[in-house]
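Thanks for coming. I will go through one structure today, starting with its charged pairs and ending with its surface.

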Amino acid sequence: MSRSLRAELVKLVRRPAAWLLLAITLALSLIFTYLFPYAGAAGGADGPNTDRALPAMFPDHLVGNSLGGLPVFLGAILLILGVLTVGGEYGWGTWKTVLTQGPTRLEVYAGKLLALALAALAVVLAVFAVGAVAAALIASAEGQPVRWPSAGDLVVGVGAGWLIATMWAMLGAVLAVALRAVALPVGLGLVWMLAVQNLLAAIAAPLVDWVATAQRGLPGPNAGALAAALGAPGDTPGVAATVGGGQAAVVVSAYLVGFAVVGAALLRRRDIG
């Protein structure tokens, strides 16, 4: 499996799409977490996120600000990465070529999932890093002292972000295996993350009691609740304390494992052609 992991890491590093997705992730994080809110606060404009006080963009809020995008928008990018990593083999017709080299299906699949987990960690660390730079610059521009979260808070924040990001990547992987494609899994995954789960939370849940109860067990609301428990701004789409942070972490972990197991079962039993 170590050889499969090394091969998958090489493919990820050399794939331009992976770097493009990382660049988009960092750009979205900076623009909507720091640039637009700071420009609105400095210019006195009214609009989404412009009511956030300047202190909310300072370094001591780094953990919450870095996690805010993962339940929806940044998580959608991780889902796309998961689809590309696994579904690309179907699009290129290279599953048979890979498997004739010796490794079993599950060894190749495990290598892909481990590579995705490491890629998710790299994305989360990059989001924290660029957020730290932006927050420090804003604090310096406002003449405020730069105070960072404690080391423990940073570790917990990075761990929670890694958990959420990896869960979405695993969802992309299992969709790619289930549908044996790239375009359709990306489309269905984005429709679910950007439309369906937000409509459930904003429209259906306030009107129907069983929907409000059921959404507490869905991946998106639990990811948002975990981010909210660690200080993510409540006005961020997808962030809401619908359940406690502990329950959210358990549910997100269960979905992560469940997606990986379902994908493995499908890949092992079905034709790869």
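Helices here are DSSP runs of H or I with at least four residues, strands are runs of E with at least two, and the elements are numbered from the N terminus. This is a predicted model, in which local features need pLDDT of at least 70 and side-chain atom pairs count only at pLDDT 80 or more, while totals for chains, interfaces and linings use all residues. Residues are numbered from 1 along each chain as its sequence is written, and side-chain values use heavy atoms, with hydrogens and water left out.

Salt bridges, then. The term means a side-chain nitrogen of Lys or Arg within 4 Å of a carboxyl oxygen of Asp or Glu. By that rule there are four salt bridges. One of them pairs Glu-8 with Lys-112, at 3.2 Å from N to O. Glu-8 is in helix α1 (residues 2–14) and Lys-112 is in helix α6 (residues 105–141), 104 residues apart.

Next, Lys-11 and Glu-89, whose closest N and O atoms are 2.6 Å apart. Because Lys-11 lies in helix α1 and Glu-89 in helix α4 (residues 73–92), this pair ties together parts that are 78 residues apart in sequence.

Glu-89 also forms a salt bridge with Lys-112, with 2.8 Å between the closest N and O atoms. That pair links helix α6, which holds Lys-112, to helix α4, which holds Glu-89, across 23 residues. Through shared partners, Glu-8, Lys-11, Glu-89 and Lys-112 join into one network.

Are these residues buried or exposed? I call a residue buried under 20% relative accessible area, exposed over 50%, and partly exposed in between, using a 1.4 Å probe and protein chains only. Glu-8 is buried at 5%, Lys-112 is buried at 0% and Glu-89 is buried at 4%. Lys-11 is partly exposed, at 31%.

Now Gln-215, in the loop between α9 (209–214) and α10 (219–229). Why does Gln-215 count as buried? Because its relative accessibility is 10%. Taking contact as heavy atoms within 4.5 Å, and leaving aside neighbours within four places in sequence, Gln-215 touches Leu-200, Ala-201, Ala-205, Pro-221, Asn-222 and Thr-242.

Last, the surface. Leu-199, Ile-203, Leu-207, Val-208 and Trp-210 make a nonpolar patch of about 560 Å². Patch residues have over 30% relative accessible area and no salt bridge; like charges are joined within 9 Å, and nonpolar side chains (Val, Leu, Ile, Met, Phe, Trp, Tyr) within 5 Å. Areas come from the Shrake-Rupley method with a 1.4 Å probe, and for residues only the protein chains shown count as cover. Helix α8 (residues 183–207) gives the largest share of the patch, three residues, and Leu-199 is placed in helix α8.
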